[in-house]
Amino acid sequence: VLTKPRPVDESALQVLDALSQLSPTLANLGQKGRDIKEKQRVEALEQRQKLEKSELTTLFTRDPITFMAELRDGKFKGMLDVSQNLAGEYAGKTLARTFGSDLIQEYYQSAEMQNSQDENDMLLFETNFRKKFIDLNAEIFSLPGAAEGFSSTFRQYTSQLDSVHMAAARENRVNSQTEGFKTNVYTILDRYNSGTLTEDSFKTRIRNAQEDYMVGFGFKPGQANLATLQAIHDYVTSGATDFETGREILQLAQTIETSPGSYLAKTVPGKALLAEALTKIEEMEYQAEQRRNTKFNQEKSRISNNW
């Protein structure tokens, strides 16, 4: 059973201090009394600190909203300095969670960030948003411990978004580079379609475009081939050529030798794209024939009715 030590009588200490000038024994008794009193003071302080820490931690853990409301109302100002610092630290951690949520929302509402092709854009975006967030919550951040609590925590709420942006920026960049390459292929196809390129010149320009694409952006041959075939597929199914020329381009694509012994359309995905494009051309041609027949019959009927 723990018993609370009896408080040391201050007046008795004063008497012992006076008598200590006459007797070493009394001097020792006086010092012992002061040591006991200091120990009692430290123990009481430690006990108060434990109680305040428990109170703050329990409230922060169970009900952060109420914790922040009471903090703003100044209900913790009478606590020890170390306890007020802990309250500020908890407040900083709460703000870190809010910051992470607000940052994610702001990111997905930003068209600039959604279209970003640079992984480093996230750093500037997050830094600028954090400055605004700190300004909006300046009252809380001015409390002792708040900045430390925020700094020690906020990264755990932003790290996932950092990874998301890095992946999205890379994808945006690859898509942009691929679209630029496909535009180059469209230009080559336009020239062939207009009759200003021979078959050999067409194949040479396609190979050169692929080499530039791979050297400039670090793409692999398979990626270059697939992007080329996708461009050819899109071009001949867009109505940019007549049906016969479209079929001719698809046939020609199969003969493009991208490297010694390796042809553009020899892969399974390549064959599938060309087959899909050919089927689409056949469907478009059939639909065009149906429209012509319908128009002819309508015109024939109109003439018959007039007679």
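Helix packing around α9

Me: Why are α4 and α9 called roughly parallel to each other?
Reply: The model is predicted, with pLDDT of at least 70 needed for local features and 80 or more for side-chain atom pairs, while totals for chains, interfaces and linings use all residues. Residues are numbered from 1 along each chain, and side-chain values use heavy atoms, without hydrogens and water. Helix α4 (residues 81–109) packs on helix α9 (residues 155–193) at about 20°, axes 8 Å apart. Angles under 35 degrees count as roughly parallel, so α4 and α9 are roughly parallel to each other.

Me: Which residues make the contact of α4 with α9?
Reply: On α4 they include Phe 99, Leu 103 and Tyr 107, and on α9 they include Leu 161, Val 164 and Ala 168; contact means heavy atoms within 4.5 Å. By class there are 10 nonpolar, 3 polar and 1 charged residues.

Me: How do you know whether Thr 178 is buried or exposed?
Reply: Thr 178 has a relative accessible area of 16%. Buried means under 20%, exposed over 50% and partly exposed in between, with a 1.4 Å probe and protein chains only, so Thr 178 is buried. Thr 178 lies in helix α9 and touches Tyr 213, Phe 219 and Ala 227, leaving out residues up to four places away in sequence.

Key: Axes are lines fitted to C-alpha atoms, for helices over the stretch in contact, and angles run from 0 to 180 degrees between N-to-C directions. Helices (H or I, at least four residues) and strands (E, at least two) are DSSP runs, numbered from the N terminus. Angles under 35 degrees count as roughly parallel, over 145 as roughly antiparallel, 65 to 115 as roughly perpendicular and the rest as oblique. Ala, Val, Leu, Ile, Met, Phe, Trp, Tyr, Cys and Pro count as nonpolar, Asp, Glu, Lys and Arg as charged, and the others, Gly among them, as polar.
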